[in-house]
Every structure is written in C-alpha cells, then in structure tokens.
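Here is a short report for a reader new to this structure. Look through the sequence and the model first, then read on.

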Amino acid sequence: LELASRNNIANCAVQLRDPEAGLRALLPLRSDAPGTRLGVLRQANAHDTLGHLYLLAGDLREARVHAQESGRLAKLAAVKRTMQRHEALLGLIDVRSGAVEEGLAAVEDALAFAKRVDHIDVADYLGMCADAHEAAGQSDRALEYLKELVEWKRKSIDAEGMPQDERLADSLQFQTSTSVFDDALLVRSQRLHAGVHQRVQHLVETAINAELASGHDLHRT
C-alpha cells in the first residue's frame, strides 16, 4: 500500500513534469521479490513511473532500464494492460533516442489498443502521443493530441452522469484536485501553439527566399 501511494504521488509529478519531485517520492525502490501477483504488478507500475520520470529528466539509459524491468514484471504478472504500457514507454524512449518512426508507431498502437479495449489508459496514451510527436519535432500533431486529451478529459467528467446539483456541490473539490493539472495542460498547449507558429513562419520564409532566388519579384511572391 505504501508503494502504491508513493507511486500515485510520483505519477502526479509526471503529469506536472517535475521529475525531481517524483524521484524523491518513489526512491529508493525496494528490490526484494514480491510474494503476490498484486505485489509484482505494483512493482511493475512503479518501474513504469520511474521510466517516465527518468525520461523527463533526460536520462534515457535509466529510463530504458526501468521500462524493461516494468515489462519483465508485467509479463510475470500476466497483465496485458501493464505490458501495453511498457511497450508505449519503450516507444517514447525510442523517439527520444532517434528511432522516430518505430517509436511513434508503438505509442500510437498503444493508444489504439486503449481506445478499443481499456479506456482507463486513453488519457495517459494521448499525453504520451503528444510527448512523442513533440520530441519528433512535430508540434502540430502534438497539439492535436493535446487537444484530444483535453476533450477526452471533459467527456470523462460528463460521463460520470452526476446530477447537476451534485456536480455544482462538488465543483470546488474538483477544481482543487485538477486545477494544477489543467494549468499545466494550458501552459503546454501555449508552448506547442508557439512551436507551430514558428514552424509556419520558417516555411513561409523559406518559400519567399526560394521565390526570390528564382528571380521572381517580391510583389508576385
């Protein structure tokens, strides 16, 4: 239970993109073999979180070590959902390591799997797709996934089917628990918008320079 709680704190740090806080919460991680399937699964989840934290910190070697350990434990526990998370994390690491096409395919396959089978992880995979495309320099695609993440989050809230009066009564509590994450999404969205703007500006400048180099006058361009 302590490991599960520490892992929840570390996952919050992943969402807030604060690897130092996450590593403080989760390390040191006990290495003794768990006695139950649930214990194995919790250790697998903790290694998955550590992989994300080290990835945020820029330590690809440690990220891959923990991703592979997460996959080993997930297979031992025989939990398909955790094995899929392992594959997605390795895909994200591959993108950061330069294997862009393979990495993007792995993360997007994981998202497709979650949409078909396991909706609980869709939001996480949307965030990973945004991360992967941003790391690949594809700010426009990253922004699309980020917008889909916000929309998915909104639909998830609506799907709870809470009566209006109860929703109003709980609104303050909800705002308290999600406002920081929403702010983080907003900041990231603004940064990606800026990336898209810079990319378009670069393309326009390149086109203009090509036209002028071809002897066309500025008016035609």
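A residue counts as buried under 20% relative accessible area, as exposed over 50%, and as partly exposed in between. Leu60 has a relative accessible area of 29%, so Leu60 is partly exposed. The model is a predicted one.

**Overall make-up**

The protein has nine helices and zero strands. Along the sequence the pattern reads α-α-α-α-α-α-α-α-α. Of the 221 residues in the protein, 36% are buried.

**Helices α3 and α4**

Two packed helices are described by the angle between their axes and the distance between the axes. Helix α3 covers residues 37–57, and helix α4 covers residues 60–77. Their axes come within 8 Å and cross at roughly 160°. Angles over 145 degrees count as roughly antiparallel. Therefore α3 is roughly antiparallel to α4. The crossing of α3 past α4 is left-handed.

Leu60 belongs to helix α4. In sequence, Leu60 and Ile93 are 33 residues apart. In space, their C-alpha atoms are 6.7 Å apart.

Val200, Val204, Ile208 and Leu212 make a nonpolar surface patch of about 290 Å². Val200 sits in helix α9, which spans residues 164–213. Is Val200 buried, exposed or partly exposed? With a relative accessible area of 45%, Val200 is partly exposed.

Notes: Residues are numbered from 1 along each chain as its sequence is written. This is a predicted model: local features need pLDDT of at least 70, side-chain atom pairs count only at pLDDT 80 or more; totals for chains, interfaces and linings use all residues. Side-chain values use heavy atoms; hydrogens and water are left out. Patches are made of residues with over 30% relative accessible area and no salt bridge: like charges are joined within 9 Å, nonpolar side chains (Val, Leu, Ile, Met, Phe, Trp, Tyr) within 5 Å. Accessible areas come from the Shrake-Rupley method with a 1.4 Å probe; for residues, only the protein chains shown count as cover. A salt bridge is a side-chain nitrogen of Lys or Arg within 4 Å of a carboxyl oxygen of Asp or Glu. Helices (H or I, at least four residues) and strands (E, at least two) are DSSP runs, numbered from the N terminus. Buried means under 20% relative accessible area, exposed over 50%, partly exposed in between (1.4 Å probe, protein chains only). Axes are lines fitted to C-alpha atoms, for helices over the stretch in contact, and angles run from 0 to 180 degrees between N-to-C directions. Angles under 35 degrees count as roughly parallel, over 145 as roughly antiparallel, 65 to 115 as roughly perpendicular and the rest as oblique. A crossing is left-handed if the near helix is turned anticlockwise from the far one by less than a right angle, and right-handed if clockwise.
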